[in-house]
Amino acid sequence: MKRISNLRILTPLVQALLSVCAVLPGSCATNGLPAPAVQDLSIDEAAVSQWSAPFRGWHYWPEHVIPANPEIPGATNLLGTDVPTVYQIPGDTNWYLSFVGFDGRGYQSFVAQSADLVHWANYHLALGFGPEGQFDHGGRVIGAYLYESYDLKAPRVLKRREGKFWTLYGAYPLQGGYELRPGSEGLAVSDDGLNWRRAKAEPVLSIHDPDCGQWERSCIYQPWLLEHQGRFFDFYNAAAGSREQTGLAFSTDLVNWMRYPANPVVRNRPGGFDAGFCSDPKVYRDGDHWTMFYFGVGHGGAHIMCAFSRDLVHWTADPEPLYKAGGNPSGLDKAYAHKISLVYNPKNDTFYLFYDAVPGKKGVITGGRGIGLITSKPLAKE
């Protein structure tokens with residue numbers, strides 16, 4: 001985010017943060033303001049167990065649905081695919097999946113199309129490298145879309161705002177390696193939901209921002225965009241050294257953002273399955289609470305985890321993974337299982353969870369990573 005010196009820009013952001021504080025009691029320090037009424041935001045162990053139960057007991061698709069090196073026009077040297085996100089376009093019955101391909105230089109974002117959420121085709125480049133010398137020259141990772149609804153079972157339909165579709169994206173400044181620091185986040189728009197372009201010349205979140213915390217000083221990674229009660233929330237992972245945690249920022253216009261002062265909202269737990277990373281959050285409304293899917297690194301792997309909240313800022317994480325690396329009998333995710341996208345298909349009453357499945361292939365910087373799939377009900381293998 002560009003350093004803000006214009007009071008006319010800063011004031012709406014401050015007002016937005018204070019209004020969030022008013023709606024979410026106990027969430028912010030508001031010196032000089034009356035203390036809001038206290039409400040019980042705690043989530044006990046029984047509730048955590050109950051709320052996480054529907055997301056256990058997955059069924060495996062035995063192979064990558066997007067391989068490490070898919071056949072994409074103009075992309076001939078992909079070493080791995082990563083960061084899947086499923087969406088739909090208003091008036092279109094097809095499903096779309098955005099993902100990134102790493103070719104040794106950096107990340108570019110691609111989109112594939114499917115009628116059944118399993119077989120994907122019609123690949124094309126959606127957002128390539130940014131201009132040389134700029135914050136996103138080394139890679140642009142779309143997938144934090146503005147949706148019409150964030151309910152767990154709602155269709156993942158893109159929402160138009162000011163006549164365009166919107167996404168936040170992860171950005172890297174340098175080419176020549178894998179997620180070369182320091183990463184930041186940008187803002188992109190699309191007219192058709194398939195081809196995207198930058199919507200702001202500066203990052204929307206950066207390690208150079210005045211409100212950047214110590215926990216995120218090394219690198220900012222992937223965002224997740226959510227709209228609630230007329231405000232925008234950006235859940236994102238960031239690093240201090242080798243540790244990654246999840247934070248939160250607020251906006252009223254998608255362009256200017258202010259961080260939550262009590263970041264990070266999901267923290268590392270010493271000795272836990274998320275001792276090293278609490279990363280790549282994806283947040284959905286699930287009845288009377290919010291559910292966050294994220295990945296944790298600990299106990300020798302990367303695993304799919306979950307956390308819960310009543311107010312979007314206070315989170316209670318389940319210490320036990322929903323899905324551990326190495327769960328697929330085929331060995332598809334022997335090294336890592338992380339970076340999910342969850343979608344519900346009403347035609348067969350089934351959740352489809354797409355994730356980055358890394359077998360740990362030797363001699364390849366990506367470990368042979370591709371997009372894997374697990375489902376809440378078994379699917380017939382053709």
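Tutor: Let's start with S98, which sits in strand β3, the stretch covering residues 95-102. Keep in mind as we go that this is a predicted model. S98 has a relative accessibility of 0%, and since anything under 20% counts as buried, S98 is buried. So who are its neighbours? Skip the residues within four places in sequence, and S98 is in contact with V83, P84, T85 and Y87, then F110 and V111, and also I142, G143 and Y145. Pick out Y145 from that list, as its side chain and that of S98 are joined by a polar contact of 2.7 Å.

Now for a helix. α2 runs over residues 45-52, and its buried residues are A47, V48, W51 and S52. Look down the axis of α2 and these buried residues fall within an arc of 120°, which means they line one face of the helix. Turn to the other side of α2 and you find E45, A46 and Q50 exposed. As for what the buried residues pack against, it's three strands: β15 (289-298), β16 (301-309) and β17 (316-317).

Last stop, the nonpolar cores. The largest one has 81 residues, and W196, W315 and L342 have the most contacts inside it. Zoom in on W315: leaving out residues up to four places away in sequence, W315 touches F235, V265, V266, V283, W290, T291, M292, A307, F308 and S309. There's also a second, separate core of 21 residues, with V65, W120, I371 and L373 among them.

Terms used. Residues numbered from 1 in each chain as written. Predicted model: local features only at pLDDT ≥ 70, side-chain atom pairs only at ≥ 80, totals over all residues. Heavy atoms only, no water. Buried < 20%, exposed > 50% of the residue type's maximum accessible area, 1.4 Å probe, protein only. Helix = DSSP H or I, 4+ residues; strand = E, 2+ residues; numbered from the N terminus. Arc of directions from axis to C-beta. Contact = heavy atoms within 4.5 Å. Polar contact = N/O pair within 3.5 Å; in protein donor to acceptor, adjacent residues only side chain to side chain. Core = buried A, V, L, I, M, F, W, Y, C linked by side-chain atoms within 4.5 Å.
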